[in-house]
Amino acid sequence: MYAVVGCSDCSNLWIIEGQSETTQCPRCGARKAYEKRKKFVETDDAAHARDVRASMLANRQGEGEAFAKLDSFAALEDDVADGVVDDAEYLAESGLDVEEVDAAGDRDPRGPSRSGSKKEIVKGALEALDEPTEDEIVDYTGERGVSAEYVRDALEKLTRRGVVSESRGRYRLL
């Protein structure tokens, strides 16, 4: 069961599901027994409760006539669910060539792409390679767009923090 209730302290309207002994106003925090709250409508339908509350709020603002012209929440939700425009339709209606946009997305003028942050790529190299040297890590990360300078700094910091160990020029994650 749903009830549209009001607060006598701040005039807030809200919907309560079920029935508890006490209720608390979400706006001002005033707590009262459920039976003492003003119940404007009690219904088994959540959508009906939302419609009643919205109508009351619109009337309060002097917009009752405009609200009356609108469909119910349930009808509006159905319209939104059915009326979603996909990317291709949106682009075509905007005057763009969909195939040309797709082709542009396939081209990356920046060169090779990387997956993850630079730090994640360095850690990924340590996971993928078997006890690699600094040069092997630099080569691996360089293919993924990470500079050698960053890799050397990252290895030094990771080693100081105890995340990576270095022994005889070979690195491994701890």
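A salt bridge here is a side-chain nitrogen of Lys or Arg within 4 Å of a carboxyl oxygen of Asp or Glu, and a search of the whole structure finds four of them. Before I go on, this is a predicted model, where local features need pLDDT of at least 70, side-chain atom pairs count only at pLDDT 80 or more, and totals for chains, interfaces and linings use all residues. Residues are numbered from 1 along each chain as its sequence is written, and side-chain values use heavy atoms, with hydrogens and water left out.

Okay, the overall picture. The chain has eight helices and seven strands; helices (H or I, at least four residues) and strands (E, at least two) are DSSP runs, numbered from the N terminus. Its radius of gyration is 31 Å, well over the 16 Å that the globule rule gives for 174 residues, so the chain is more spread out than a compact globule. That radius is taken over C-alpha atoms, and the rule is 2.2 Å times the number of residues to the power 0.38. Along the principal axes, the C-alpha atoms fill a box of roughly 80 × 50 × 25 Å. How many of the 174 residues count as buried? It's 25%, with buried meaning under 20% relative accessible area, exposed over 50%, and partly exposed in between (1.4 Å probe, protein chains only).

Back to the salt bridges. Arg152 pairs with Glu134, with the closest N and O atoms 2.7 Å apart. That one links distant parts of the chain: Arg152 sits in helix α8 (residues 148–161) and Glu134 in helix α7, 18 residues apart. Arg152 is partly exposed at 35%, and Glu134 is partly exposed too, at 26%.

Glu143 is exposed, at 56%, while Arg144 is partly exposed, at 27%.
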